Amino acid sequence: MNITKLALLITAALYAPALFAGPSLKISSAWIRVPPPGAKVTALYFTAENTGTTAQTITKISVEGANRTEMHQSITDAKGMMRMEPLPQLKLDPNSMLNFAPGGNHAMVFGALPKLKTGAKIKVTVHLEGGASVQTEAVARGSSDSDAGQHQHSNGGTANQHHHE
Ligand SMILES: [Cu+2]
């Protein structure tokens, strides 16, 4: 191999990823909980996967129609009490995955989102350190998907009646 070919190969190797790769962060399975009537806050959950070779840091999450969001983690303190702590940012190591799920990490969504109905899709933007962002859609799910005892169904259908012991 002559030196020109080698130089070309090295150049290609150096620049190809920068040219073709967007952020290596994948956001999937996003869903937002339909807040009970009058509630001014709800939670957003999703799976974040860093498929790249460099760490990715989530700095902010924007939700269409919401005033603002905060990333939270649920922790159990020394007294055995569950509470939430804000996460100013969240770092994902290369080839790592993070699940935002009830009982763990979540994005707290502030602002009532009064028109949010089960099945609706809303735009979510995950902002990364360095200025890149990843967009996804979150599906609105009712509280019947959880262990919450409060239900509110807009269609009034009898099939949606639940009883909690
Ligand atoms: Cu929270």
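Reader: Is D93 buried or exposed in this structure, and how many C-beta neighbours does D93 have inside 10 Å?

Author: Keep in mind throughout that the model is predicted. The general idea is to count the other C-beta atoms within 10 Å of a residue's own, and to call the residue exposed if there are 12 or fewer. D93 has 11 C-beta neighbours inside 10 Å, and therefore counts as exposed.

Reader: Where in the chain is D93 placed, and which residues is D93 in contact with, leaving aside its neighbours within four places in sequence?

Author: The place of D93 is in the loop between β6 and β7, and its contacts, once those neighbours are left aside, are N50 and A55. The pair D93 and A55 shows how sequence and space can part ways, for the two are 38 residues apart in sequence, while their C-alpha atoms are 4.5 Å apart in space.

Reader: What elements does the chain hold, and in what order do they run from the N terminus?

Author: The chain has one helix and ten strands, and from the N terminus on they run α-β-β-β-β-β-β-β-β-β-β. When we look at contacts with a separation of 6 or more, 66% of them are between residues 24 or more positions apart.

Reader: How should I read the pairing of strands, for instance which way β3 and β9 run and how many bridges join them?

Author: The general idea is to look for bridges between two strands, and then to ask which residues stand opposite each other. Strand β9 (residues 121-128) is joined to β3 by five bridges, and the two run antiparallel. Within this pairing S62 stands opposite T125, and V63 stands opposite V124. Strand β3 (residues 56-63) is also joined to strand β6 (residues 90-92), again antiparallel, by three bridges, with L90 as the bridge partner of I58.

Reader: How many bridges join β9 to β10, and which residue in their hairpin takes a positive phi?

Author: Seven bridges join β9 to strand β10 (residues 133-141), and these strands run antiparallel, with I122 opposite A138. Their hairpin has four residues between the strands, and there G130 takes a positive phi near 100°.

Reader: How do I read a nonpolar core, and which residues of the largest one touch the most other members?

Author: In soluble globular proteins, nonpolar side chains tend to be buried together. Here the largest nonpolar core has 23 residues, of which L44, I61, V63, V109 and V124 touch the most other members. At least two residues of this core come from each of β1, β2, β3, β8 (106-110) and β9, and β1 supplies the largest share, four residues. For V124, leaving aside its neighbours within four places in sequence, the contacts are A30, L44, I61, V63, T136, E137 and A138. Over the chain as a whole, buried residues make up 19% of the 165 residues.

Reader: What is the mean pLDDT of the chain, and what part of its residues reach 70 or more?

Author: The mean pLDDT of the chain is 81, and 72% of its residues reach 70 or more. Residues 16-20, however, have pLDDT below 50, and this stretch has zero contacts in the model beyond near neighbours in sequence. Residues 145-165 also have pLDDT below 50, and beyond near neighbours in sequence this stretch has 14 contacts in the model. Where pLDDT is low, the predicted coordinates should not be read in detail.

Terms used. Residues are numbered from 1 along each chain as its sequence is written. This is a predicted model: local features need pLDDT of at least 70, side-chain atom pairs count only at pLDDT 80 or more; totals for chains, interfaces and linings use all residues. A residue is buried if 20 or more other C-beta atoms lie within 10 Å of its own, exposed if 12 or fewer, and partly exposed in between; C-beta atoms are placed from the backbone. Two residues are in contact if their C-beta atoms, placed from the backbone, lie within 7 Å. Two strands pair if DSSP finds at least two bridges between them. pLDDT is the predictor's confidence in each residue, from 0 to 100. A nonpolar core is a set of buried Ala, Val, Leu, Ile, Met, Phe, Trp, Tyr and Cys residues joined through C-beta atoms within 7 Å.
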